[in-house]
Amino acid sequence: MVSRIRAALLCLCLTLPLSGCWSSKEIENLAVYAGLALDTGQPAPVEKDLEAQGAEYVKQNKVMATVQIIPIKAMGSKDKDQKAAQHPYLNVSGSGDSILEIFRQFSIRLDRPIIGHHLKVIVISSELLKRQTMDQLMDFLLRDNDIRPSTMVFLSHGQAREALESSQPNDVPAFHIRDMRLNQGRTSKVLEPVTLSRIDALSHADKSFVLQNIVTGGGELAFSGAGIIKGASGHWIGTLGQEDTECLAWLAKSGKSGVIKAYDEDNEPLTYEIKSVRSKVRSAVDGDRISFRVSLSFEGRIIETWSKRRMPTSDTHAEKLAAIIEERVSAMMQTLLHKLQSDYKTDVAGFGQKLSIQHPSAWKKAKDDWDDVFSRSKIDLDCDVTITDFGSFVEK
Amino acid sequence: MFVRTDDKITSSQAVVFLTNTVLGAGILTMPRGITQAMKTPDSWLTILVGGMVVMLVILLMVKLGQQFPGKTVFQYSAIIAGRIPGGLLSLLLIGYFISVAGFEIRSLAEVTLFFLLEGTPMWAIVIPFIWAGAYLVSGGINSIARVYQIVFPITIFVLLLSFAVSFRLFDIDNLRPVLGSGLPPVMKGLKSSILVYAGCEVVLTLVAFMQYPQQAVKAMLGGIAIPFGLYLLTVVFVVGGLSIDSVMTSAWPTIDLIRSFEVTGFFVERLEFPLMVVWLMQMFCNFCSFFFQSSLGLSQVFKLPFPAVLLGMVPVIYLAAMVPKSLEDVFGLGDEIGKMSLVLFMLIPVMLSLVWLVRKKGRIAHG
């Protein structure tokens, strides 16, 4: 009898889990944002109207945050409203001093609470990073438990919120930017995206790094070069061009693709398609003098030429063409190294890490003012281009 | 159906029992603790050295236990050191087990609240787990071991899967230079790396429950070798994937590693949720071990019936879990537990063995 009562009581306990999760929230009742843009502080256009009617609170307008909300309502059902059908997203901007406070201010404007579980992309305007440091802007984003450290971070040349706008129907800019990495196999101008967890590590170590730069125009966006964040200050200090960026990717082993275009003796274009890149950085320490030797070797094919001359696919001719490409790629690398060492005086290519692995004691001495030491170090460059074939084309 | 009446466990059950007792919340925080102490990427070396030390410790504890077949430390400490000193030592050990049980259940609740169930009150997570634990423990060591046998393969599979998928973030340069600052940091990290094996004290009672105590050395070393291997894998993957700078600032570095990538198109895009859910089971196992040990100790020292002690322990464990006021306190408690485990090791196996040796020698000389 007792055991039967006990069994009945235990069965009653089973009704407890039937109620489901204590803190469950239906996704229909949440506003999921996939993109976040950070700009310099100024009231957003809508906010100006609201503030004119007294919708104000105490703030200094240090930053403007824009979230890109993906409305579930508009996605499934066919809306008669033309505008909603055109844009499967909704951008909401607000300005203030604290990112979380701005987010909470959205809650007095939107019909659903916003939630950061599915944030994919953060775009920061370079202008804002001139005034604020990376640490300040990333602080909340790293602390928050909803936002994943896998979120990718980008810079924008103009206003960051424009990067989250698109003129193409059915294009969600946040997803567009996220998927751009699929192009990495075609060109190394598309860098491996830097995630929040990488930024956390880099800024904790006061290392300088680059973030992909986004430019916008005519409702479209393009990845153009990369902005440099100086480790010591945490500010944006300048931009590398598109060719510098691909050189940087080849050098730092993060990119292995792309084309090199040179002009032959008749000034006609000659294009080389890279199949693989090997890069080796050797450091040498001689007393206080630190020097590096960079060896880059490319393997690929001649894929396009506008030359009117005969194009024999012989080894001797291949060597002649390889020399032209080699000269071009050396010049590109030299430009990059000059920019890093003389213009920006910043190591974003991982020379410091190479030194720390190859000569730990020298690194320990130099690491406190590494960017300075780096800009004075001697770097020898050694490029080697191999042409393996001429495409599906043979000529004697 | 065959029901055992003697409440003994087989050797393979003993292996899983020890593994599931040691492998708990530590795996989520351990890379940070060690890296903070060392400040170099050599944490895997420290884990290696620490593991060797712990294996020696376990060897000593097993040898001691084998001198008293079928008796737990709570019983043989009285034989070796006398009733009062032995009882005091047992009480120390019990107090230690209670605080570890509280710590494990609290860590479980903290992780759940932060990542999974934001907004659920702490008690609503802690109390059901304690009751479920009490139900399991009331079945005796055999039922506990059988639950462990079910849980263990699941948690290990998900953990290894998560690490395998995280290989995309792995960069060998994050683990270099090896011994860039020489050996001193490895020694500095040694303390933290021994702490992650806290809980191996259960060997002191486990040997008594083994059906074939003569296999105890093999079983216990096997049981510690599994966490040893997994800890090694964890530091290599977490430091290799995140770099020491990120590991040092992260509250739960192992979870952050898994949160740092998305596997588009996989059957779960975000592996942290399966990992956390199965790791809750692992922490629950952990907690049950210590719950069982402390209740067993109290009932043996004071000669009280086991079920009564078990029920009486429920509120005590709850209080132990709720004592830390903040997350920082919880991590602080974790460190204290590690230190306590060192002190207890010096007090119990080492001292008891010495006394035992002296008395045995004396007996032979007089006999």
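In the predicted model, chain A contains an open sheet of four strands, ordered β11-β12-β13-β14, with mixed pairing (strands pair if DSSP finds at least two bridges between them; helices, H or I of at least four residues, and strands, E of at least two, are DSSP runs numbered from the N terminus). Residues are numbered from 1 along each chain as its sequence is written, and chains are lettered from A in the order in which they are written. Local features need pLDDT of at least 70 and side-chain atom pairs count only at pLDDT 80 or more, whereas totals for chains, interfaces and linings use all residues.

The edges of the sheet are formed by β11 (259-263) and β14 (378-389) of chain A, each of which pairs on one side only. Neighbouring strands are turned by 35° against each other on average, direction ignored. Strand β13 (residues 289-305) of chain A runs parallel to β14(A) and is joined to it by eleven bridges; G300(A) has I387(A) in β14(A) as its bridge partner. Helix α12 (residues 315-343) of chain A packs on the sheet and touches β11, β12 (269-286), β13 and β14 of chain A (contact requires C-beta atoms, placed from the backbone, within 7 Å). The direction of this helix makes about 145° with that of β14(A) (axes are lines fitted to C-alpha atoms, for helices over the stretch in contact, and angles run from 0 to 180 degrees between N-to-C directions).

In chain B, helix α10 (residues 216-242) is crossed by α1 (residues 11-22) at roughly 40°, with the axes coming within 8 Å. The two helices are therefore oblique to each other (under 35 degrees is roughly parallel, over 145 roughly antiparallel, 65 to 115 roughly perpendicular, the rest oblique). The crossing of α1(B) and α10(B) is right-handed (the near helix is turned clockwise from the far one by less than a right angle). The contact residues comprise ten nonpolar, four polar and no charged (Ala, Val, Leu, Ile, Met, Phe, Trp, Tyr, Cys and Pro are nonpolar; Asp, Glu, Lys and Arg charged; the others, Gly among them, polar).

Helix α3 (residues 43-66) of chain B comes within 10 Å of α10(B), axis to axis, at roughly 165°, which makes the pair roughly antiparallel. This crossing is also right-handed. The contact of α3(B) with α10(B) has 19 nonpolar, four polar and no charged residues.

Between the chains, 22 residues of chain B meet 17 residues of chain A. On the chain B side, α11(B) supplies the largest share, three residues, and the residues divide into seven nonpolar, eight polar and seven charged.

Technical notes:
Contact = placed C-beta atoms within 7 Å.
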